[in-house]
Amino acid sequence: MRWLSPLWERPGWVLAGVLCLSLLAFAGLVDIRSGKLRVMMDPSVDRLLPAGGRDREVYEHARKLFGSDEAVVVALGSEDVFTPSMLERIVRLTGELEALEGVQRVLSLATALNIHNAEGDLRIAPFLDSIPQDAAALERLRVQATQSPIYGGELVSTDGRTTALLVYLDRMSDRDLMESGVVQRIEGTVRAAVVDAEVWFSGPPYMKVRGSEILLHELSFMLPLIMVALSFILFASLRSLRGVLVPLAAVFVALLWTVGTLGWLGQTFDLVSSAVPALILTVGFTYAMHVVASFHAYFQGDDPPESSRQAVRRTLADVALPILVCAITTLVGFLSLALNPIVSVRLFGLFSILGVLYAVLATLTLSPALLALLPPPRASRPNALAAGLGRLSDFLALQAVGHRNRHLAIWGAILVLALLASTQIRVGTDVMTGFDEDLPLRQSYEAINARLGGANELQILLESEVTEAFRMPANLAQLEALQTWLEAQPEIGSVQSIVDYLKLLNHAIHDDDPSYRRLPETRGLVSELMFFGASPETQRFLDARSQTANIRVRAKVGDTDSIGDLVSRIQARLAILPPHLHGQVTGSIAMLSSSVNDVARGQALSLALAFGMIFLVLALTFTSVRVGLIALLPNALPIAVYFGALGLTGVTLNSATGLVGCMALGMAVDDTIHFFVRFNSVARRVGDEKLAAVLALRELIQPVTFTTLGLCVGFLVLTLSQIRGQVEFGLLASFTLAVAWLADVTLTPALCSRLGIVTLWDLLTIDIGLEPHRSIEIFDGLSATRARIVALMGRLVDAPAGQRVFHAGEPGSGLYVVISGEVRTWVSRREGEVTLGHYKRGECIGEVGFFQGEHSVHCIVEQDARMLRISSECLEALGRRYPRTAATLYANLNKILAARLGLRTRESALDDAFFRVPAIFRPGADGVPGADLALDPSLTERLAGLGIRTETLAALTLVPLVRVAWADEQLDAEELSAVLRGAESVGIAQDSPSQALLRAWLEERPDPRIFEAWRDFVAALCARLTIEGQFGLRDDLLGRAREVAQAAGGFLGVRSISRREEAVLRELQSVFPV
Amino acid sequence: MNRSFQWIAFHPPRWVLATIGALVASAVFFPGPAVSGDLGPVEECVRRNSPERASVRGISLVSVDRTGSQRKLTGKLYWKRWSADRSGLLMRLDSPPEVRRSSYLVLQDGHQEQMFVYLPNMQRVRRIHPDTASGSLFGTDFSYADLRYLQMLESIVISERLEDGVVGERPAYHVRMRAKPGEKSPYDRVDAMIDQESCLPLQIEFFGSDGSVQKRLTTPVESLTREGDIWVARSVALLDLRNETSTSLDVDGIDVDGDVSDRLFTVTRLERGR
């Protein structure tokens, strides 16, 4: 913790550092000179594709050979395109668009070449080289354009009511595309020029720019909305402005650092990774909330810190490690995504890792620094919400613990149903229909898709090993046959290839003779036409060596299912081509379709990795494979339910929805870890696993619920998105996390209720000296780790020299292992005290008493000693959790016993049970309590002043019970009965003065000084007791007090202890030195 | 006529032959532009370096696409001028073999142009409609627009002389050309550095509307040779920086102002394919 001390000692410096980093991040986010965002959005399909692999190679090869054809598609719709006014408008608009900066060329009816015969001459000129004015010429033009095998369907619809202008842009980077404003200029120019016709825009550059604007717009309102929602949750939980602002500041800074870093790195968000900012806010919120809630809790407790800085120090001691462990598991979830083959998923994982790291950093720096600088908060009364959650947790936990098997069966059934439903999962993506139907982007896409020859382009590459293969008529005939087959497929809108071009040329050069609308018959003619007709257009269909032909297919379907079916059929058709021709289907939409396998494979890989790594973390944290598996179970179930939900709802598994599994696993496991750690500490405290499960859940339900609520609300905000992937991601993520919460508050307590847990942290920090397995006889044959586990299951006791450990005749419920220091055993003989032995590190004492139930010798500490007390309960727990270890331990005990039995002489003389509890309270000869204990006279006087005299001394033994009974400010009938039963058990007769005093305490809350007097009395008493006696006294009193505490508020047979009663029990426990 | 350079992207009739004719006549560029103002010395220099009546030369065009594939075209160019406004140009290809003997004929009479193509496998001559446009020279990087600038056509280009410069230690005139108002051009401006000794361009850069160089034509100094009274560039390279492609034009077998038969420039002779 020393390294964290600047956080509370120098908060100003910490804030200055955070500010500097934030300024640096801001400079990464925004270009200071231009004021423009440096972080960009890229909603293109390319990011949803695998980064490598055979498909990607083919795709890149095709782009290299034939270009990317990335143009802004401008579609104009009217009753009839072929009117003089409309045609003139197309010509004028083409010219205006060509004149725009950033536009390389425009392909439209005004520029596309019409190859035909004109008055006996071969004419190769744009369709609109001159605008026809008479009806016949217009009709001729309509026929030429709509029936053009190259441009019909692409530049003009077959019904002549829609025409397209393909605006090719200068080669530029995505950043230049966004910053140049060329797309906006194109849209502005078109809208200014066309006022009486419908206009639609599409194409990859348009999609990038407008999709990017949509993403930015969504972030601009979603992120503030998430912060507002989180504010409400924070206020509901913490009820203070500080409790709202400090976590919000931390998550805001984490977000700023993340996007700033991405800006410096030149990274872009895409359709998937654009969810990262919302994710950072929600994940960061959970961390920051833990810090602030823990800080506040200190000021609500009985021992509030003196200053904010002191509270920060304590808070960090409590939460720093759990937050780091939780961050590790969350990072593991995202790390598994970073290995996914899909680019966008990989980037989502990497961006999220960065964001989570920054969230942890901001939470552990900014939040503590701010809290340290602010004045301490005032204590506030628990709010009704918290009380309600407390009742809910009791109900859930008691159900879980009381009906463990029923819970396990219910969750088992859910698991089976979820797995069955998950068999219906469909894998698929449809990028464009993923946008909201009301968005112009989507409407344009649909309109263009419906009116022109399809908006989704596939490419089919036909390759030969021979150069100039596609100058051979036989190969061209194969190409033609394939094209004919393609045109017959229902999903396909249009098909173009070099065949169309050659046919057109052949037809035109033969005076438009219809019989020549066919492929040339000889290689020579083909070559001549290709030479004669060489143009950039032919380069779209055939490479320079005439070795690879490109068939451009426009599909009217866009979902990966339909495209996948189509691609499969095409591949089957390509398989029957002659052996010297190799066909491959490519294009971004085809890759997207084939990437569904990558999505599924990536999902399986990522989940397997996440499960594996998180299991390792859990097994390591809880030092047990079994506990690791058990802790994984409440987190595996929500993932199964998530897959079941996918199957039931029909939502497809895709790059966006596929993120949920790993992400939710990484997040949900945090709550499990919190629960297991808390359960561990409570179980040690109360010594009852069922009760520990109940109490642990009560302590955690508020933070777990509020953090889950924050996460769910944060993800639900994504459902306001106009992008379906984001909506589905938000819904599924919040649903899965809600199920994970349910599993954590029901299944986890049920699983824990029979577990003994040792955490790695305990294991590392417990001090039992070097090589305990070699230097301590009872650990012989165990590993060092196992020896430490045994020590953790037992109890370490530090005792000063002169302290009695146990006394002959005392009940023996535990044996002692000397860790350090020295103890001595002795017996009383007629001739006096006879020392039996001195015991140092590694040796056992009390083993006979442990087995016989009563100690036969006296034991005292000779030099300050540390001892490990191993009780029978500890051995029972070991037997359940670590049976081999327990067996070894028992075997070692047998050896030790066998060795010592022959050496020791048992003395049967037992002292009177002077040290036994009832005897302690025997009055002195003068009627003043504690006279034979030689109490401090001032304490005696204080007792007398409080009405405790000889005849009422017995009532003093019941002060702890009364204290507990009044813990909730009121005393109900069950608690009253429990206290009176306690009185009866210690021999306080009815109508005795002691009972009268006791009843007075039960009618009206006793003076607090009585408890203080009792505390001092017990402290004085313990100074004269053996350690074993102290354990006995403590267990006896605390046991009775717990019975009183459990007397009211229980449910279904399992008693409940309130938070305040628990605090009183802790207070009582603290009175005892052991 | 509404004409846009972007779609002049098809095949090589009138302008190709006219331009290549100009190359032949002037031993590569600048067949004698009418320049004005302080362009006088440049104009005089270019005019001095032009053939008078006829020329014949072999050419070789090698284009390299962005995948590295090369395509080579060889042939002969015949150019003849009968008077100031009457000229003829014949281009006959020798290779690749499948297009051997394919020929183009351009006849210019004043403002009238007629263009014919002969494809030997078709065994017929087709007249090409005058509206037919083209931009890519046989699929090379040379475009119609480029060549118009190379010719410094007075009708469409405004030229201005800038401060002289140096290219590879050779003093050069610096001429900037822009399209006249109303004339469409894919380029914002074209800067030419003309060698003061040979009167041939050593470097020409074609600038796009965004101010970046889109194409760069270079003439290696060592390729400049003197043929009789005029200088000839035997090798020129054009690099298309946008499309990452290039084309080199090599000239050999030069015959300036020799005997060239008039019959070569007839449709009848073209139909014979000889």
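**Helix 36 and helix 37, chain A**

I looked up how two helices of this predicted model cross, and I found that helix 36 of chain A passes helix 37 of chain A in a right-handed crossing. A crossing is called right-handed if the near helix is turned clockwise from the far one by less than a right angle, and left-handed if anticlockwise. Helices here are DSSP runs of H or I with at least four residues, strands are runs of E with at least two, and both are numbered from the N terminus.

I noted next that two packed helices are described by the angle between their axes and the distance between the axes. The axes of helix 36 (residues 973-985) of chain A and helix 37 (residues 993-1003) of chain A come within 11 Å and cross at roughly 160°. That makes helix 36 of chain A roughly antiparallel to helix 37 of chain A, a label for angles over 145 degrees, while under 35 is roughly parallel, 65 to 115 roughly perpendicular and the rest oblique. The axes are lines fitted to C-alpha atoms, for helices over the stretch in contact, and the angles run from 0 to 180 degrees between N-to-C directions.

I then listed the residues that meet, where contact means heavy atoms within 4.5 Å. From helix 36 of chain A they are A:Leu976, A:Val979, A:Leu980 and A:Ala983, and from helix 37 of chain A they are A:Gln995, A:Leu998, A:Arg999 and A:Leu1002.

**A sheet in chain A**

I traced an open sheet of four strands in chain A, in the order 10-11-9-12, with antiparallel pairing. Strand 10 (492-496) and strand 12 (581-586) of chain A stand at the edges with a single partner strand each, so one side of each is left without a neighbour in the sheet. From one strand to the next, the twist averages 20°. Two strands pair if DSSP finds at least two bridges between them, and I found eight bridges between strand 9 (residues 456-464) of chain A and strand 11 (residues 548-555) of chain A. A:Ile460 has A:Ile551 in strand 11 of chain A as its bridge partner.

**A:Leu177**

I located A:Leu177 in helix 6 (residues 174-180) of chain A. Its relative accessibility is 6%, so A:Leu177 counts as buried; buried means under 20% relative accessible area, exposed over 50%, and partly exposed in between, with a 1.4 Å probe and protein chains only. Leaving out residues up to four places away in sequence, A:Leu177 touches several residues, including A:Leu169, A:Met172 and A:Val209. From A:Leu177 to A:Tyr206 there are 29 residues in sequence and 9.6 Å in space, C-alpha to C-alpha.

**A hairpin in chain B**

I moved to chain B, where strand 12 (residues 224-227) of chain B runs antiparallel to strand 13 of chain B and is joined to it by four bridges. The two strands form a hairpin with two residues between them, and B:Gly228 in the turn has a positive phi of about 65°. B:Thr225 stands opposite B:Val232 in strand 13 of chain B. Strand 13 (residues 230-233) of chain B is covered on both faces, with B:Ile230 and B:Val232 buried on one side and B:Trp231 and B:Ala233 buried on the other.

**Notes on numbering and limits**

Residues are numbered from 1 along each chain as its sequence is written, and chains are lettered from A and ligands numbered from 1 in the order in which they are written. Local features need pLDDT of at least 70 and side-chain atom pairs count only at pLDDT 80 or more, whereas totals for chains, interfaces and linings use all residues, and side-chain values use heavy atoms, with hydrogens and water left out.
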